[in-house]
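Me: Please take the terms used for this structure one at a time and set each value against its cut-off.

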Amino acid sequence: MSREDLPQIIAKNIISLRRSKNMTQATLAEKLGYSDKSVSKWERAEGLPDIICLKKIADLFGVSVDYLLEAEHTNDAEAGGGDSVSLKSEKEKYVVSKPAIVLVTIAGVWLLAAIVYVILLLAGETFGLAFAIAAVASSLLLVIFNSLWGKRSLDFWTIDLLVWSILFLICYICREHNLWILMTIGFPATLVVWLSCRICRKQKSTE
């Protein structure tokens, strides 16, 4: 690389980096503490930023100063038509999927219930109660996760599901006494839950 090529190389890299962040020359100039005329001059290869300014540009875009001085970059993103670049120092970011956490947790509850059921079945015992307990545990987890990450519009459904699963668990435990009639309690309980959720929403709207 000759000294004569350096302004063109730096100009090309500044333009590419600026466009990759959808910045205007004025925006870049403001972030660097320079005038937009200076940035325009650099990008026309009619001048060079000083070493301090080069460091500011490198830090702003997350690259090294050497990156600004290189004519070719192996990490250039071709999909963006040359306007976007993959920066060498840019770290990959991962987004945690909250719905996935909920599904995995609930699936783990049912997996544990299935394991317990199979182990006891091999031992000559039947333990369907494991699945009834898993239903209650899953419903409780849904209530907790919804209170943390969910929407208030889902409060009714999660709480109502918990009520019905608890009633089912009680009836299953007492199945020898034929107390399935207790499931009818779920209907007025559903009404109470629905009214409670409506009251909560109304209070929130009037605050």
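This is a predicted model: local features need pLDDT of at least 70, side-chain atom pairs count only at pLDDT 80 or more; totals for chains, interfaces and linings use all residues.

Me: Why is H7 called roughly antiparallel to H8?

Reply: Helix H7 (residues 129-149) and helix H8 (residues 155-173) pack at about 160 degrees, with axes 9 Å apart. Angles over 145 degrees count as roughly antiparallel, so H7 is roughly antiparallel to H8. The residues of this contact (heavy atoms within 4.5 Å) divide into 16 nonpolar, 4 polar and 1 charged.

Me: What makes H2 roughly perpendicular to H3?

Reply: Helix H2 (residues 25-32) and helix H3 (residues 36-43) pack at about 110 degrees, and their axes are 8 Å apart. The range for roughly perpendicular is 65 to 115 degrees, so the term applies to H2 and H3. Gln-25, Ala-26, Leu-28, Ala-29 and Leu-32 of H2 make the contact with Asp-36, Val-39, Ser-40, Trp-42 and Glu-43 of H3.

Me: How do you know whether Asn-13 is buried or exposed?

Reply: Buried means under 20% relative accessible area, and exposed over 50%. Asn-13 has 4%, so Asn-13 is buried. Asn-13 lies in helix H1 (residues 6-20).

Me: Which backbone oxygen does the side chain of Asn-13 reach?

Reply: The side chain of Asn-13 reaches that of Tyr-67, at 3.3 Å. Leaving aside neighbours within four places in sequence, Asn-13 is in contact with residues including Leu-68 and His-73.

Definitions and conventions. Residues are numbered from 1 along each chain as its sequence is written. Side-chain values use heavy atoms; hydrogens and water are left out. Axes are lines fitted to C-alpha atoms, for helices over the stretch in contact, and angles run from 0 to 180 degrees between N-to-C directions. Helices (H or I, at least four residues) and strands (E, at least two) are DSSP runs, numbered from the N terminus. Angles under 35 degrees count as roughly parallel, over 145 as roughly antiparallel, 65 to 115 as roughly perpendicular and the rest as oblique. Ala, Val, Leu, Ile, Met, Phe, Trp, Tyr, Cys and Pro count as nonpolar, Asp, Glu, Lys and Arg as charged, and the others, Gly among them, as polar. Buried means under 20% relative accessible area, exposed over 50%, partly exposed in between (1.4 Å probe, protein chains only). A polar contact is a pair of N or O atoms within 3.5 Å; within protein, one must be able to donate a hydrogen and the other to accept it, and residues adjacent in sequence count only if both atoms are side-chain atoms.
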